[in-house]
Amino acid sequence: MPKKLVLPYLCLLYFINYLDRVNIGFAGPNGMSEELRLSATVFGFASGVFFIGYLLLEVPSNLALHRFGARRWIARIMVSWGIVATAMAFVPNGTVLIVLRFLLGVAEAGFFPGIILYLTYWYPQKDRARIVALFMVAVPISTALGATFSGLLIQWTDWRTMFLVEGLPAIALAFVTWFWLPDKPAEAVEQPREEHWPLRKALTHPRILALSFVYFGIVYGLYTLGFFLPTIIKGLAPQAGAVERGLINAIPYVLGAVAMVLWARHGDRTGERKWHVAAPMLLGGAAIPVALHLDHPVAAMVAVSVCAIGVCAALPTFWALPTSFLGGTAAAGGIALINSLGNVSGFAAPYVTGWLQDLTGTQKTGLWVVGVTMVSAAVVALVQRAGAEKV
């Protein structure tokens with residue numbers, strides 16, 4: 001595969017990956033919760049239990065990718081998650097749903113940090129935020145287009161067919177990955193940089209743990225929006241159909257995709273990293289309390305869109321921080337650890353938000369937690385040192 005096709009292909013894979021991860025958010029308010037008799041707490045737990053399996057295997061999976069090569073390992077991950085994702089179409093009750101979501105996390109473990117590691121083999125640090133942004137633009141695009149596509153599938157068929165149709169591409173593209181994706185850095189234009197940290201230090205250093213908390217705050221906002229925005233929109237527009245709600249759901253993520261690329265380019269051009277992570281997090285965290293006090297649906301969507309812009313803008317520039325001082329095996333372990341600990345929020349966000357909704361009868365308390373978490377993580381980002389640190 002030529003270098004110019006590698007990044008677009010990886011974007012396609014991440015598009016499918018992220019859609020299979022969050023499409024439960026579209027299924028929930030469009031028949032699944034009612035058919036399976038799921039409370040908000042159970043729905044939140046099922047949404048978030050994915051990240052428990054993800055957390056357990058993230059680091060060993062990424063180390064395996066570094067050892068065996070991207071081609072084989074990414075293809076293996078894709079087949080595994082595709083099988084589980086399609087099995088979601090046949091779930092009979094909440095218990096099986098929770099088990100399958102856990103197994104989906106186990107199957108997907110190592111995919112995202114593996115791609116971040118893989119990109120460091122191809123692109124230098126000065127271009128890192130822009131390249132990661134172009135890769136991660138698959139997140140808002142998959143949510144935007146995925147919401148509309150999922151809405152159409154549900155309207156034409158049902159939520160079970162949606163899971164089946166959206167799970168099959170992962171299996172098909174696993175074979176493309178196996179035969180076409182370059183496997184080793186020697187096949188790429190650039191070689192990985194000298195490794196500054198040993199693996200043990202990368203898995204235990206306080207700086208890595210601090211960055212994990214920063215990523216926790218970003219992802220907390222991302223997955224709260226991903227899992228509960230369709231439900232919020234249904235409350236704002238109860239008369240709208242599944243397709244119309246999908247189009248409304250797409251608005252914040254289209255804006256987020258544009259902001260993600262432009263902000264990352266600005267970060268690469270200036271070379272500044274900390275404020276390029278913290279500033280959009282502060283913006284997004286502050287937008288949540290504002291949205292809580294807006295009764296007009298349009299005004300509330302503007303505030304939610306600002307939050308989505310903040311979350312999306314912070315994501316790619318964040319990954320320029322750890323990759324500035326990690327390389328080789330240390331990068332494989334450190335990136336995976338940051339991603340796995342940060343993605344604990346993928347469990348905490350939907351579960352805590354759903355539990356607080358059942359407890360208080362409103363989503364406001366849970367969304368206050370989102371805002372406070374994002375602002376706290378932004379403060380931690382600002383106190384981080386920039387640049388490399390050798391042993």
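I233 is found in helix α13, which covers residues 206–236; helices here are DSSP runs of type H or I with at least four residues, numbered from the N terminus. This is a predicted model, in which local features need pLDDT of at least 70 and side-chain atom pairs count only at pLDDT 80 or more, while totals for chains, interfaces and linings use all residues. Residues are numbered from 1 along each chain as its sequence is written, and side-chain values use heavy atoms, with hydrogens and water left out.

With a relative accessible area of 2%, I233 is buried, a word that means under 20% relative accessible area, whereas exposed means over 50% and partly exposed lies in between (1.4 Å probe, protein chains only). Leaving aside neighbours within four places in sequence, I233 is in contact with R245, I248, N249 and M301, where contact means heavy atoms within 4.5 Å. One of these residues, I248, is 15 residues away from I233 in sequence, and the C-alpha atoms of the two are 7.5 Å apart in space.

## The nonpolar core

In soluble globular proteins, nonpolar side chains tend to be buried together. The largest nonpolar core of this model has 121 residues, and the members that touch the most others are M32, W81, F135, I218, F318 and W319. Such a core is a set of buried Ala, Val, Leu, Ile, Met, Phe, Trp, Tyr and Cys residues joined through side-chain atoms within 4.5 Å. When neighbours within four places in sequence are left aside, F318 is in contact with L211, V214, Y215, I218, V277 and I338.

In helix α5 (residues 50–68) lies S61, which is buried with a relative accessible area of 5%. Not counting residues up to four places away in sequence, S61 touches W73, R76, I77, A109 and G110.

T86 has its place in helix α6, residues 70–87, and at 10% relative accessibility T86 counts as buried. Beyond residues up to four places away in sequence, T86 touches F163, L164, G167 and L168.

## A nonpolar patch on the surface

Five side chains, those of F90, F149, L164, V165 and L168, form a nonpolar patch on the surface, and together they have about 450 Å² of accessible area. Patches are made of residues with over 30% relative accessible area and no salt bridge, with like charges joined within 9 Å and nonpolar side chains (Val, Leu, Ile, Met, Phe, Trp, Tyr) within 5 Å; the areas come from the Shrake-Rupley method with a 1.4 Å probe, and for residues only the protein chains shown count as cover. Helix α11 (residues 159–180) gives the largest share of the patch, 3 residues. F149 lies in helix α10, residues 138–156, and at 38% relative accessibility F149 counts as partly exposed.

## Salt bridges

Side chains of opposite charge can pair when their charged atoms come close. A search of the whole structure finds 5 salt bridges, each being a side-chain nitrogen of Lys or Arg within 4 Å of a carboxyl oxygen of Asp or Glu. In one of them R160 pairs with E35, the closest N and O atoms being 2.9 Å apart. Because R160 lies in helix α11 and E35 in helix α3, the pair ties together parts that are 125 residues apart in sequence. E35 is partly exposed, with a relative accessible area of 45%.

D127 forms a salt bridge with K126, with the closest N and O atoms 3.2 Å apart, and another with R130, where the closest N and O atoms are 3.9 Å apart. These salt bridges share partners and join K126, D127 and R130 into one network.

The structure holds 0 disulfides, a disulfide being a pair of cysteine sulfur atoms within 2.5 Å. C307 is in no disulfide, and the nearest cysteine sulfur, that of C312, is 9.2 Å away. C307 counts as buried at 0% relative accessibility, and C11 also counts as buried, at 15%.

R37 is found in the loop between α3 (32–36) and α4. Although R37 is not a glycine, this residue has a positive phi of about 55 degrees, and R37 is exposed, with a relative accessible area of 78%.

Key. Helix = DSSP H or I, 4+ residues; strand = E, 2+ residues; numbered from the N terminus.
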